[in-house]
Amino acid sequence: MLRSLALLAALLVLVGAAQAATAAPRPDVRARAALVADAETGEILFAKNPDRRLPMASITKLMTALLTTESTKPGDVVTIRGPAPSIGESTINLHAGERMTVRDLLAAALVQSANDAAYALATHVGGSVPRFVRMMNDRARELGLDDTHYVVPDGLDTAGHYSSARDTLLLAREAMKSRLFRTTVRRRGGEIAGGRALYAWNDLLRTYPGAIGIKTGHTDLAGWSEVAAAERDGITMYAVLLGGPTRAKRNQDLSALLDWGFDHYGRVQLIAAGRTYASAGVPFSSRRVPLVAAKGTEKVIRLGHPLVQRVFSPSTLDLPVRRGQRVGEIRVYDGDEMVARRALVATVAVDDPSVQRRARWYAGRALDEATDMLSSLSPF
């Protein structure tokens, strides 16, 4: 039998309390494009020009690093060759013929945004920079990055080199699947081969509680840009900002975007283990067997959304009943989407009664019916 129940009292409290937060003013972002999204689902909560094609500067190195992690091992040794030693701007001063591990070059490219490290990886993985760039664009198409096109592996201003805030989010989520990538973008500095000390350009790693990366970018054309990620109460949130006016404003806006995201999501207990959600009768008895959730479940959900519980359970159980026997199910829906489900189990065992017990039960029922009949015929 299907029973539609009202929301749990605890859930109503949590969702209702969140509605005040969701009514807060939207962040005042001065960048050309921005968004904030839930890491688990990719749902975008706030967006400003998310599909606008813009220069993304060193955020380009996300794709360079992704291709590297997909085709090499961290301990692989790279011999520096090709154009890497001649690349300028932010570098770690690589020399032709020098040997470094993939791990160290990734750290240089992602933490300090070293352009020469990006070119060294591109040459190592692709065989040549032009071939690697083709690999970058091929991978972008595979990922559905429809508003992205690469010309260089480092992100220095180049005609025809662009991406969008939405594509940056998709790329960041894909890159963060790599354990090596995740641990690298959390670094605030450190030392790599040749005694080189790294400087992390990601200010949020030092200023925003729970920040876990991931990549900054800055050029004259791109402005101050970054894709950032942070964790709070078991929730991970992404914020993307392209074309900020200053480094300070970029950091301020990213913090506001992340706060906005965390205000909209929360971890809620949808089903409580051991709680009685229904009861069922049993033959030859007036008793009812409580049906409880076998396990509980918590989930990160968007606060302010109405949730509905639905309990599927029989009105009467077949005998015998074992304690812990699955006899139904509870489901929780967010609109048409089922967000949680757990089995309902019987809390007690009920034996199949003997012939004598059945006879006594039938006799008792007959006596009760006769009494009721006589009472209805009585004038008083």
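I take buried to mean under 20% relative accessible area, exposed over 50%, and partly exposed in between, with a 1.4 Å probe and protein chains only. By that rule Arg139 is buried, at 14% relative accessibility.

Model notes. I am working on a predicted model, where local features need pLDDT of at least 70, side-chain atom pairs count only at pLDDT 80 or more, and totals for chains, interfaces and linings use all residues. Residues are numbered from 1 along each chain as its sequence is written, and side-chain values use heavy atoms, with hydrogens and water left out.

Overall. I looked up burial for the 380 residues of the protein and found 49% buried. I noted 10 helices and 17 strands; these are DSSP runs numbered from the N terminus, helices being H or I with at least four residues and strands E with at least two.

Salt bridges. I listed 18 in the structure, each a side-chain nitrogen of Lys or Arg within 4 Å of a carboxyl oxygen of Asp or Glu.

Arg139 and Glu70. I read 2.8 Å, N to O, for this salt bridge. Arg139 is in helix H5 (residues 129–142) and Glu70 in helix H2 (residues 61–71), so the pair ties together parts 69 residues apart in sequence. Glu70 is partly exposed at 41%.

Asp259 and Arg232. I read 3.3 Å, N to O, for their salt bridge. Asp259 sits in helix H9 (residues 247–264) and Arg232 in strand E9 (residues 223–232), so parts 27 residues apart in sequence are tied together.

Glu329 and Arg326. I found their closest N and O atoms 2.8 Å apart in a salt bridge. Glu329 is buried at 8%, whereas Arg326 is exposed at 53%.
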